[in-house]
Amino acid sequence: MYTLSEHQIAFIADDIRARGIEWVSLQHDLLDHVCCILEDTFDGKDDFEGFYRRTIASFYEKELGEIEEETIRLLTFKNYYVMKKIMLGSGTVSVSFLIAGTVFKFLHLPGAAIFLTLGVVLLSFLFLPLLFVLKVKEKAATADKIVLLVGMFCSVLVTLGILFKMQHWPGANAMVMGSLAVLLLVFLPLYFYAGIRRAERKLNTIVTSMLIVSGAGLLLMLIRTPTASQELFVAKTHAFVREEQLVSRLRAATWLDGPAEVVFQKCQALKAQFIAEQTGMPTIPPDFEKSGFVLQDGSVGDYIHSHTAQVAAVRKAVESYNATASACCQISLDYTLFDTPQRQLTEALADLSSIQISVLTADRTTAMK
């Protein structure tokens, strides 16, 4: 076994300090460990300094200072590896849920919404926060920590906004637009300023900034502007008003009794409740554009939960009507709000108006037969 000289030991100690190991106790531990390895493997015939440099290079990936950083991290952040495992596990599960939800959605299989929701929730409230905590521990500069915090906030807001948009929940556009505003006006300037000043990160900062701007621009192309949204809401409200006028004219010219009258009245009551939930008024006034009472986006499922009994009453009334009506006059509830609660409110109102028109025209259909 080779025995190191005092000069060689001093050379190793100086080199360890020069490589960025400032913690004295860690210097001693590394010195003892390296000396033991060299005495076991060095044969005295090879160049000592060259053999030492090849040996010390096996201790790190980029630089020896990584050992000190890792040691400090483990001592001050004892749950580092536990949190890292949870982060990787939650990321794997969330990605699996998102893939399954996407496949189920394309194949129109039940459970797609559940998978997608669980995937986004895990991604937003477990994976991304843990990733932020772990990355913050690796950054010494306060500016880098602020950039990470703003970046995590934008990421969470974007994922939740996309989930809200996909589920037709209110506030989706506001969340996505807000996250993009923070991304472009807060995160990007901070990230660019923190990275452009360092020569080793300059190119990466410029390229990443270009990708962020491009991605934000592409995402904005998928979002309706407030003006376009308002025009769409006004157009949908006009269509509903015209449909209501048709229902009113048919009602004035048609006499209903028994199950048909029950169906008509319960549909009318349910429409009034849905409209009141969104606009605060039971009906849409003729001057709705001036007063601002327009029908907006939103899943009717959000309103059905508070009117379960009324929805069930309409279904029961239609079933009672079908039991007495002829085959040509029966009303189908397939692909309506009664079996697809994810439909938008305007579509659900059209479903109810369609049912009313069906019972109003049933007598005419029977007479023609």
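In this predicted model, the second largest pocket holds about 560 Å³ of space. Sixteen residues line this pocket, and Lys105, Ala112, Ala113, Thr340 and Gln342 lie closest to its centre. Helix H6 (residues 112–138) supplies four residues, the largest share of the lining. By class, the lining of the second largest pocket comprises seven nonpolar, six polar and three charged residues.

A nonpolar patch lies on the surface. Val95, Ile99, Val103, Phe106, Leu107 and Leu109 make up the patch, and together they present about 600 Å² of accessible area. One of these residues, valine 103, belongs to helix H5 (residues 80–106). Valine 103 has a relative accessible area of 40% and is therefore partly exposed.

Histidine 108 sits in the loop between H5 and H6. Its relative accessibility is 74%, so histidine 108 counts as exposed. Tyrosine 335 is located in the loop that runs between helix H14 (308–324) and helix H15 (345–368). Tyrosine 335 also counts as exposed, because its relative accessibility is 68%.

Salt bridges were examined next. Side chains of opposite charge can pair when their charged atoms come close. Eight salt bridges were counted in the model. Arginine 17 pairs with aspartate 14, with 2.3 Å between the closest N and O atoms. Both residues of this pair lie in helix H1 (residues 6–18), three residues apart, or about one turn of the helix. Arginine 17 is partly exposed at 42% relative accessibility. Aspartate 14 is likewise partly exposed, with a relative accessible area of 44%.

A salt bridge also joins the side chains of arginine 19 and aspartate 15, at an N to O distance of 2.5 Å. The two partners fall into separate accessibility classes. Arginine 19 is partly exposed at 24% relative accessibility. Aspartate 15, at 12%, falls under the 20% cut-off and so counts as buried.

Arginine 251 and glutamate 261 form a further salt bridge, at 2.8 Å from N to O. This pair links distant parts of the chain, 10 residues apart. Arginine 251 lies in helix H10 (residues 226–252), whereas glutamate 261 lies in helix H11 (residues 258–279). Arginine 251 counts as partly exposed, with 25% relative accessibility.

Conventions:
Residues are numbered from 1 along each chain as its sequence is written. This is a predicted model: local features need pLDDT of at least 70, side-chain atom pairs count only at pLDDT 80 or more; totals for chains, interfaces and linings use all residues. Side-chain values use heavy atoms; hydrogens and water are left out. Patches are made of residues with over 30% relative accessible area and no salt bridge: like charges are joined within 9 Å, nonpolar side chains (Val, Leu, Ile, Met, Phe, Trp, Tyr) within 5 Å. Accessible areas come from the Shrake-Rupley method with a 1.4 Å probe; for residues, only the protein chains shown count as cover. A salt bridge is a side-chain nitrogen of Lys or Arg within 4 Å of a carboxyl oxygen of Asp or Glu. Helices (H or I, at least four residues) and strands (E, at least two) are DSSP runs, numbered from the N terminus. Buried means under 20% relative accessible area, exposed over 50%, partly exposed in between (1.4 Å probe, protein chains only). On a 1 Å grid over the protein atoms alone, a cavity is a set of points where a 1.4 Å probe fits but cannot get out, and a pocket is an open set with protein on both sides within 12 Å along at least five of seven lines; lining residues have an atom within 4 Å of a point. Grid points are joined across faces, edges and corners, and a volume is the space filled by probe spheres set on the points. Ala, Val, Leu, Ile, Met, Phe, Trp, Tyr, Cys and Pro count as nonpolar, Asp, Glu, Lys and Arg as charged, and the others, Gly among them, as polar.
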